[in-house]
Amino acid sequence: SPTTNSLLIPSNLQTDNEVASHFDFRLHRRVQRVPSCGLLAIIPVVDGSTTTFHVSPAEEEEGEGAAPADTGAGSDILSSPAFLRRKLEVLQSDIAKVEQDTEEARARLEAGRAEWGGQLDELQKEYKNIQDRLNTQNKKGDTMATVQVTREMLKVLDNYDRAFGAVKPSCDVESEIEADYKATHEDIMQTLRDLGVEEIETVGIEFDYEVHQAVMQKPSDEYDEGIVCEEFQKGFKIGDTLIRASMVAVAA
């Protein structure tokens, strides 16, 4: 009886050319998956309306130790020129079909671009503008949050500065306490710098009404007229946003 790896063909196909023309070459792959151990011949067996070509050890047909039977026209069907030509034709047909599908898809793409290309470009521009606006709003929101926090922290830092100017340590213990407070003050200042907060330059800089607040004018032998000669309170900014103007005296 036929093996589980048999190939069934119509019984009216008896020659290599007829079989090769009838079968798609993909069936050849099924035969290739059959283990090669002990496979010696492809034997045609006619049974009813079909002819079964099945792979079989020679001893099953001729007895143990006997030579393989002469399988005639069916023995080399899968390697015959006709079968290989059929295999090539199927491959060429598949390639042509893929190329045709590709060309049709390309034509649809070009038609879509012609119809919708302008609108898609406008949508992409609008999408980019929306992204830019959102990014700008987010940055402004972050900046304003930093400004508000810094303004509250400056109240604490101002108290530190006033204390450092008014209280002078009189012994080693008080000096150690003062050093601890100064270390805490510097930690806060470093945190503000990490957030992008900058001190506004004052002494020795020409007065700038946008970042300096003049509380007095006074004569100065060291600085020319219009130059900041003394700072009373530090000012801060973040980028181009003013957090607090510096309180200064200007040389007259």
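## A parallel pair: E5 and E9

E5 and strand E9 (residues 246–251) run parallel and are joined by 6 bridges. Here two strands count as paired if DSSP finds at least two bridges between them. Helices (H or I, at least four residues) and strands (E, at least two) are DSSP runs, numbered from the N terminus.

This is a predicted model, in which local features need pLDDT of at least 70, side-chain atom pairs count only at pLDDT 80 or more, and totals for chains, interfaces and linings use all residues. Residues are numbered from 1 along each chain as its sequence is written, and side-chain values use heavy atoms, with hydrogens and water left out.

## The sheet around them

The pair belongs to an open sheet of 3 strands in the order E5-E9-E6, with mixed pairing. Strand E5 (212–218) and strand E6 (228–233) are at the edges with a single partner strand each, so one side of each has no neighbour in the sheet. From one strand to the next, the twist averages 30° (axes are lines fitted to C-alpha atoms, for helices over the stretch in contact, and angles run from 0 to 180 degrees between N-to-C directions).

Glu210 is exposed, with a relative accessible area of 52% (buried means under 20%, exposed over 50%, partly exposed in between, with a 1.4 Å probe and protein chains only). C-alpha to C-alpha, Glu210 and Ser246 are 9.8 Å apart in space, and 36 residues apart in sequence.

## The largest nonpolar core

A nonpolar core is a set of buried Ala, Val, Leu, Ile, Met, Phe, Trp, Tyr and Cys residues joined through side-chain atoms within 4.5 Å. The largest one has 10 residues in all, including Val147, Leu154, Ile188, Leu192, Phe236 and Ile243. Helix H4 (81–166), helix H5 (172–194) and strand E7 (236–238) are the elements that give two or more residues to this core.

Beyond its neighbours within four places in sequence, Ile243 is in contact (heavy atoms within 4.5 Å) with Val147, Thr150, Arg151, Leu154, Val197, Phe236, Lys237 and Ile238.

## The whole chain

The protein has 5 helices and 9 strands, running β-α-α-β-β-α-α-α-β-β-β-β-β-β from the N terminus on. Of its 252 residues, 25% count as buried. Among contacts between residues at least 6 apart in sequence, 61% join residues at least 24 apart.
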